[in-house]
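This briefing goes through one protein chain, topic by topic. Keep the sequence and the 3D view open while reading.

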Amino acid sequence: METFGRRLRAAMDARGPLCVGIDPHAALLAQWGLSDDVAGLERFAFTVVEALADRVAVLKPQSAFFERFGSRGVAILESIIRQSREAGALVLLDVKRGDIGSTMAAYASAYLDPHSSLCADAITVSPYLGVGSLRPAFDTAAANGAGVFVLALTSNPEGPAVQHARAAGGRTVAQTVIDEISQLNRGATGLGSFGLVVGATIGETGHDLSEVNGPLLAPGLGAQGGDPAGLKAIFGESLRNVLPSYSREVLSAGPDPAALRAAADRAEAACRAVIG
């Protein structure tokens with residue numbers, strides 16, 4: 001079975017280092033001239049997939065914006081996951097789940113088991129019940145050639161109070177998370193399948209990412225204030241493993257599919273100029 005890390009590296013090499021979020025929040029639906037209901041959600045999501053799934057490396061639907069419409073919204077999410085993967089894009093489902101025991105195992109089964117209609121190539125998770133609590137997700141991902149991205153250094157203003165706090169031994173909480181994920185990727189050939197989420201706007205923080213050997217998702221580029229030129233200061237020698245993520249900067253170009261493609265091409269070119 002080919003690992004997620006190898007598939008991601010191949011996709012980034014072939015299509016360029018770009019992840020585009022699918023975040024159909026009410027303001028974007030209105031900007032597109034769409035109603036804030038299931039019909040508007042469906043038109044928005046399917047337009048993004050039709051425009052981009054055959055050209056970008058990764059699409060990242062934010063589950064919450066589909067869940068808010070109940071079962072009909074989740075059905076649309078299931079459909080775009082399938083369509084995106086059929087068109088060659090990897091799907092990183094942004095769910096940020098984090099729990100313990102059988103509950104975490106159920107989340108892992110929902111999103112990482114091929115028998116589930118919500119199965120994606122990878123998901124985001126939160127480690128703040130302890131990285132060990134995420135073991136069911138790691139195990140399910142490894143068994144199915146999937147990936148897991150763990151929150152480490154986020155760009156929200158509340159994040160540093162927890163993430164920069166010092167744990168036993170003097171390491172920050174974030175560095176502890178980074179080091180534990182690095183251990184999961186130890187010995188992986190090429191790019192490991194266990195990644196981290198590190199905000200594109202955090203600047204240089206003194207954290208060491210050099211041993212991760214896995215993908216580094218960098219959300220917050222474009223309209224959220226991040227610039228590809230700033231990625232070097234954050235990621236240093238790990239820059240080649242960075243998966244830069246844009247959402248509003250690309251999505252606001254819709255609803256014209258050609259304009260969406262042009263916006264994604266501009267973002268990809270800007271990232272390629274920095275990452276290579």
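The model is a predicted one. A disulfide needs two cysteine sulfur atoms within 2.5 Å, and a search of the whole structure finds zero disulfides.

- C119 is also too far from a partner for a bond, because its closest cysteine sulfur, in C19, is 17 Å away.
- C19 is buried, with a relative accessible area of 0%.
- C119 is buried as well, with a relative accessible area of 9%.

**The chain as a whole**

- The protein chain contains 12 helices and eight strands. Its radius of gyration is 18 Å, close to the 19 Å that the globule rule gives for 276 residues, so the chain is as compact as a globular protein of that length.
- Along the principal axes, the C-alpha atoms fill a box of roughly 55 × 40 × 35 Å.
- Of the 276 residues in the chain, 51% are buried.
- Among contacts with a separation of 6 or more, 72% are between residues 24 or more positions apart.

**Surface and charge**

- The accessible surface of the chain is about 11,100 Å². Carbon and sulfur atoms account for 51% of that surface.

- Where is Q163 found? Q163 is part of helix 8, which covers residues 159–163.
- Q163 counts as buried because its relative accessible area is 6%, and the cut-off for buried is under 20%.
- Leaving out residues up to four places away in sequence, Q163 touches Y128, A152, L153, T154, T172, V173, A174 and H207.
- S84 sits in helix 5, which covers residues 70–86.
- Is S84 buried or exposed? S84 is buried, at 1% relative accessibility.
- With neighbours within four places in sequence left aside, the contacts of S84 are V49, A53, L59, A89 and V91.
- S84 and E180 are separated by 96 residues in sequence, and their C-alpha atoms are 31 Å apart in space.

**Backbone points to look for**

- Which residues does a cis peptide bond join? The bond is between G254 and P255, and its omega is about 10 degrees.
- P255 belongs to the loop between helix 11 (248–251) and helix 12 (257–275).
- K96 has a phi near 50 degrees, which is a positive value in a residue other than glycine. K96 is located in strand 3, residues 90–97.
- The relative accessibility of K96 is 39%, so K96 counts as partly exposed.
- N213 is not a glycine either, yet its phi is positive, at about 55 degrees. N213 lies in the loop between strand 6 (194–198) and strand 7 (216–221).
- N213 is partly exposed, with a relative accessible area of 27%.

Methods. Residues are numbered from 1 along each chain as its sequence is written. This is a predicted model: local features need pLDDT of at least 70, side-chain atom pairs count only at pLDDT 80 or more; totals for chains, interfaces and linings use all residues. Side-chain values use heavy atoms; hydrogens and water are left out. Buried means under 20% relative accessible area, exposed over 50%, partly exposed in between (1.4 Å probe, protein chains only). Helices (H or I, at least four residues) and strands (E, at least two) are DSSP runs, numbered from the N terminus. The radius of gyration is taken over C-alpha atoms; the globule rule is 2.2 Å times the number of residues to the power 0.38. Contact means heavy atoms within 4.5 Å. Accessible areas come from the Shrake-Rupley method with a 1.4 Å probe; for residues, only the protein chains shown count as cover.
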